[in-house]
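Colleague: I'm new to this one. Can you walk me through the salt bridges?

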Amino acid sequence: KLLVLSLFLTHDDFPQKRHPSVLVGYDIDKDILYLVSGTSQASKRKRYIQNVGFDIQTLVISGPKESNSLTLSTAFDCNQVIEVSLSSFCSKIDSNDLKRLDTISTKTMKKICKGIQLSTVVEPYIKESVKRYFKDNMK
């Protein structure tokens, strides 16, 4: 449960460079972790979500009130879930290419989970993994 509600800062070859990321799921059979990355360009991301016609609830805005590590308003786009192998994730932590910053509020995590479920572009197997992860860890 150490990783539940964890907020990470990504580096190097992660798809979203130097952005806060939240662990949202784990597929134990495939040894794959699922992350949602955030950006401080919240208004730009909101315009994008609206322009493509995604449900606005698939964009979760968080900030300093939800995590001390978020100094700015941060948008988490639940339509973009990053898949990372557990071994890659662990090696990035060991090499300091990825570091755990802080935790994020339960309220924000629930919004992210809901946003993923509402997404029309996230694969069903990812949605199921996220749902199971939240059910198991958000009691």
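Modeller: Here is a short tour of the salt bridges. This is a predicted model, where local features need pLDDT of at least 70, side-chain atom pairs count only at pLDDT 80 or more, and totals for chains, interfaces and linings use all residues. Residues are numbered from 1 along each chain as its sequence is written, and side-chain values use heavy atoms, with hydrogens and water left out.

Colleague: How many salt bridges does the structure hold?

Modeller: There are 3. A salt bridge here is a side-chain nitrogen of Lys or Arg within 4 Å of a carboxyl oxygen of Asp or Glu.

Colleague: Which residue does arginine 45 pair with?

Modeller: Aspartate 77, at 2.9 Å from N to O. The pair links distant parts of the chain, 32 residues apart. Arginine 45 sits in helix α1 (residues 42-52) and aspartate 77 in strand β5 (residues 74-85). Helices (H or I, at least four residues) and strands (E, at least two) are DSSP runs, numbered from the N terminus.

Colleague: Is aspartate 77 buried or exposed?

Modeller: Buried, at 4% relative accessibility. Arginine 45 is partly exposed, at 22%. Buried means under 20% relative accessible area, exposed over 50%, partly exposed in between (1.4 Å probe, protein chains only).

Colleague: New topic. Which residues are linked in a network of salt bridges?

Modeller: Glu128, Lys131 and Arg132. Glutamate 128 meets lysine 131 at 4.0 Å and arginine 132 at 3.9 Å.

Colleague: Where do glutamate 128 and lysine 131 lie?

Modeller: Both are in helix α4 (residues 124-137), 3 residues apart, about one turn. Arginine 132 is in helix α4 too, 4 residues from glutamate 128.
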